[in-house]
Each structure stands twice: as structure tokens, then as C-alpha cells.
Amino acid sequence: AVSEVIAAQAALVADVNDIAQEHHVREKLCEIISTAELVYAAGQSSALRAVEFPNGSWVPDEILTNAGRKLAGQKIYHEYETLADLTGGICASLPTEESFYEPETAELCNKYIMRNPAYTAEETHRVMRMMEDKLCDSFEAAQAVAGVHGGGSPLMETITMMSRYDLEPLKNLAKYLAGFEGAEFPRIERPTVTPRAMLDKFKKTQVEKK
């Protein structure tokens with residue numbers, strides 16, 4: 001949802017700046033949209049692969065949830081960077097709101113803020129004020145950091161995924177492709193992974209110790 005909001009703001013400010021049809025701008029917008037869609041897909045897939053626990057709760061697949069969260073955290077700063085790029089420096093140097101209404105300055109402010117004639121001066125001002133709030137506000141700075149570290153930093157997602165993901169089937173596939181003697185073509189179908197998998201692994205070590 002955060003990436004979708006950023007994509008919405010990026011698309012609008014690009015249009016207001018009259019650069020929306022430029023190829024490099026469309027590429028930037030596509031990158032934000034792709035991240036949002038991939039994170040959403042990971043969430044949907046993890047829910048579809050959920051396992052029902054004895055208490056009736058459905059626990060989603062940990063590999064997919066962490067893969068989506070890791071991608072979101074890795075991309076968030078770049079998304080803010082793209083917003084700043086598409087907006088331009090005006091987000092940090094926008095005249096005060098009062099300047100757009102004071103008799104001495106209103107005419108000049110409304111004249112020089114215009115970019116795309118499809119948008120009025122007031123609409124352009126509103127968009128740029130939104131971008132000022134998005135890119136130069138202390139709350140949004142905290143939100144950007146929360147986008148990386150909220151709910152677990154990318155390192156924790158890496159630790160979780162690599163402790164849950166069984167690499168042996170992958171290595172067996174590679175051995176077959178490399179022509180190892182006796183290697184058979186394996187069927188790769190990863191089972192759903194939940195916290196219970198780690199509990200079972202722990203219990204197994206306790207049995208082995210005994």
C-alpha cells in the first residue's frame with residue numbers, strides 16, 4: 001500500500017511537471033509499480049499456501065512473506081529518491097503558502113509555479129505542497145526508515161528465509177544439470193514453511209541428543 005501511494009504521487013507529479021510521457025520517466029514509474037505488485041503477489045501467494053493450525057488460525061508461508069517484506073524494505077529509499085527526482089528541487093524551496101495569496105506575491109507565485117497547462121496554478125500548488133510534505137517532512141523521514149526497519153530489518157528477513165529454505169533440493173537439481181553420476185532429475189515443489197518447521201527442527205535435535 002505504501003508503494004502504491006508513492007506510485008500515485010509519482011504519476012501525478014510527473015504529469016503536473018509535463019514529463020509523464022518521457023521514456024525514462026515511464027521506466028521510473030514502472031519500477032515503483034512493479035515493486036508494489038510483486039510485494040502484493042508475495043502476500044497473496046503466502047496466504048494461498050497458508051497452513052491451518054489446531055487453534056483454527058491460518059499461518060501464511062514464511063518464505064513468501066519474508067521475500068515480499070525484504071523486497072519492500074530494499075526498494076523504499078529508492079522510491080523516495082524517484083519521487084524527489086520527478087518532483088524537482090521545488091519540493092524543498094516552495095514559497096510559503098501565504099505567498100500564494102498575498103497581494104504583493106500571489107501573481108508571481110501563481111505564474112511561475114505553472115508547468116503543465118492542463119493543471120491550474122492552484123492544482124499545481126497543491127501537488128507541490130503534497131510533495132513538500134512527502135519529501136521534506138520529519139514525519140515522512142520517520143516513515144521512510146520505518147519502511148526499511150518496521151516489522152523487521154532486511155537482515156532479519158534474510159536470516160529467517162535462509163534458516164527456513166531447504167537448499168538441498170536446489171543443489172540436487174544443479175547436480176543433475178551438471179551431469180553428476182547417479183544424480184536424478186528431482187521434482188522441485190517447496191512445501192509451505194511456517195514457524196512450526198523451526199519447532200520441529202528443534203525437537204529433532206533434542207531427540208538426537210538423547
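1. Which helix gives the most to the lining of the largest pocket? That is α1, with five residues. Please keep in mind that this is a predicted model.

2. Staying with the largest pocket, its volume comes to about 340 Å³. A total of 18 residues line the pocket, and those nearest its centre are Ala1, Val2, Ser3, Ala72 and Ile76. Sorted by class, the lining has eleven nonpolar, three polar and four charged residues. At least two lining residues come from each of α1 (2-16), α2 (23-48), α3 and α7.

3. Two of those helices are worth a look as a pair. Helix α3 covers residues 62-87 and helix α7 covers residues 138-149; their axes are 7 Å apart and the packing angle is about 150 degrees. Angles over 145 degrees count as roughly antiparallel, and α3 and α7 are therefore roughly antiparallel to each other.

4. On the α3 side, the residues in contact are Arg69, Ala72, Gly73, Ile76, Tyr77 and Tyr80. They meet Glu140, Gln143, Ala144, Val145, Ala146, Gly147, Val148 and His149 in α7. The contact of α3 with α7 counts eight nonpolar, four polar and two charged residues.

5. A word on annotation: an unreviewed UniProt entry places the feature "domain: HpaB/PvcC/4-BUDH C-terminal" at residues 2-179. In the model, this span is 72% helix and 2% strand, and its end C-alpha atoms lie 46 Å apart.

Methods:
Residues numbered from 1 in each chain as written. Predicted model: local features only at pLDDT ≥ 70, side-chain atom pairs only at ≥ 80, totals over all residues. Heavy atoms only, no water. Axes fitted to C-alpha atoms, helices over the stretch in contact; angles between N-to-C directions. Helix = DSSP H or I, 4+ residues; strand = E, 2+ residues; numbered from the N terminus. Parallel < 35°, antiparallel > 145°, perpendicular 65-115°, else oblique. Contact = heavy atoms within 4.5 Å. Nonpolar A, V, L, I, M, F, W, Y, C, P; charged D, E, K, R; others polar. UniProt positions renumbered as here; feature names shortened; annotations may be inferred. 1 Å grid on protein atoms, 1.4 Å probe; cavity = no way out; pocket = protein on both sides within 12 Å on 5 of 7 lines; lining within 4 Å. Points joined across faces, edges and corners; volume = space filled by probe spheres on them.
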